[in-house]
Amino acid sequence: MGAGIYALIGVASAYSGNSLWFAFVLAALIAAFTGLSYAELSSVFKSDSSEYEYSKNAFNRTIAVIIGIFVILTGIFTIATVSIGFSNYLNALFGAPIFLSAVALIFALSLVNLKGIKLSTEIMIVATFLEIIGLLIVIFLGIKYWGNVDLLSFDFGFQGILQAAALIFFAYMGFESLVKLEEETKNPQKTIPKALIISIIISSVLYIFTAISAISMMGYEQLSQSKAPLADAVSVSLGKYAFIVLAVISLFATLSTVLGSMVATSRITYGLAKEKAIPKSLCRVSEKTQTPWLAIIVISLFAIVFLFFENIALIANLTNISTFITFAFVNASALILRYRIDPKKFKFRINFLNIGRFSIISLLGLLTSLLMLVYAVINIASA
């Protein structure tokens, strides 16, 4: 689950109009194609520096280093984007200053990350549980409003849908973070592919129905103007108290995503440093907590720098650009490595839509990632 739906559903509706749900369907398909490529590759390679490892074996070390840096940038942008989303909800509740709230959140969660993976995981599990409850509240409160708007209106044409999908894909990000925790997972080559697939299915269903309910309750005109979109949506049905409940849940949802991004990004930074692809000092580990303490501090400082942009849509689109470049190379790596690795070594394999060793699914993942990359650039250019 990603907090992007709490932070960006309103902004995305400005691109798509009342057909926002269709943008979530497209984003879900793209996530599924790429998720299956990740699942296949993660069943062969066991490393925190996952995308780096895939690209190095499929292409060469230079390209792998570049992709590794893009992955780190994606994590940094994600932390900054969702921290602003957290601060928007905090501001709506208490009038707290947005920039200072975001800085305080990053600082606090850095301390949690430094404390160790167990505490971080426990917090993320609780926060994700609350996040799911929040989405279910929106879905069920919105059911009685279904039919109030034309969900097939395509207010801004199919290009608007594609622009919304390129932005809202941010909400799907997170499944790929699972592969960065292989060294901290039991039986990772079987567990992680299953976790990837299950997470994409559950999040896709919840996101699509949440989009339908939110649009039905408010319409895209109102939703696109809201800084606390899902909280405003439920207030239409139950008033002020429902707004407060959803806003508090939204704080936990955004907090969880920031923490998850910190954990994953610090681990791939550690993995790349261990491979000497970036300064080796970044793989320093605390003897007491076994966490990559220097990587955590450096990532947090860079995330704070990007808070100065203050434009959540801009930083989200920057995140998506680096994500889609990374995903394109992951899918390309999956295509190439099928011919270089003995099929028997894959503990998980996409066993449908294949032509010999060639995977149509990975090809679709590559093409759709490139398509979304174009529209993420268009979003920034039109901002």
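Predicted model: local features only at pLDDT ≥ 70, side-chain atom pairs only at ≥ 80, totals over all residues.
Biologist: What should I know about the numbering and the values?

Modeller: Residues are numbered from 1 along each chain as its sequence is written, and side-chain values use heavy atoms, with hydrogens and water left out. Local features need pLDDT of at least 70, and side-chain atom pairs count only at pLDDT 80 or more, whereas totals for chains, interfaces and linings use all residues.

Biologist: Why are helix 10 and helix 11 called oblique to each other?

Modeller: The axes of helix 10 (residues 240-274) and helix 11 (residues 293-306) cross at roughly 120° and come within 9 Å. Angles under 35 degrees count as roughly parallel, over 145 as roughly antiparallel, 65 to 115 as roughly perpendicular and the rest as oblique, and helix 10 and helix 11 are therefore oblique.

Biologist: Which residues of helix 10 and helix 11 make the contact?

Modeller: With contact meaning heavy atoms within 4.5 Å, helix 10 contributes Met 262, Thr 265, Ser 266, Arg 267 and Thr 269, while helix 11 contributes Ala 295, Ile 296, Ile 299 and Ser 300.

Biologist: Why is Phe 154 called partly exposed?

Modeller: Buried means under 20% relative accessible area and exposed over 50%, with partly exposed in between (1.4 Å probe, protein chains only); Phe 154 has 30%, and is therefore partly exposed. Phe 154 lies in the loop between helix 6 (117-142) and helix 7 (157-168), and its phi, near 45°, is positive in a residue other than glycine.

Biologist: Where is Leu 353, and what is its phi?

Modeller: Leu 353 sits in the loop between helix 12 (312-340) and strand 1 (354-355), with a positive phi of about 55° although it is not a glycine.

How values were computed: Axes fitted to C-alpha atoms, helices over the stretch in contact; angles between N-to-C directions. Helix = DSSP H or I, 4+ residues; strand = E, 2+ residues; numbered from the N terminus.
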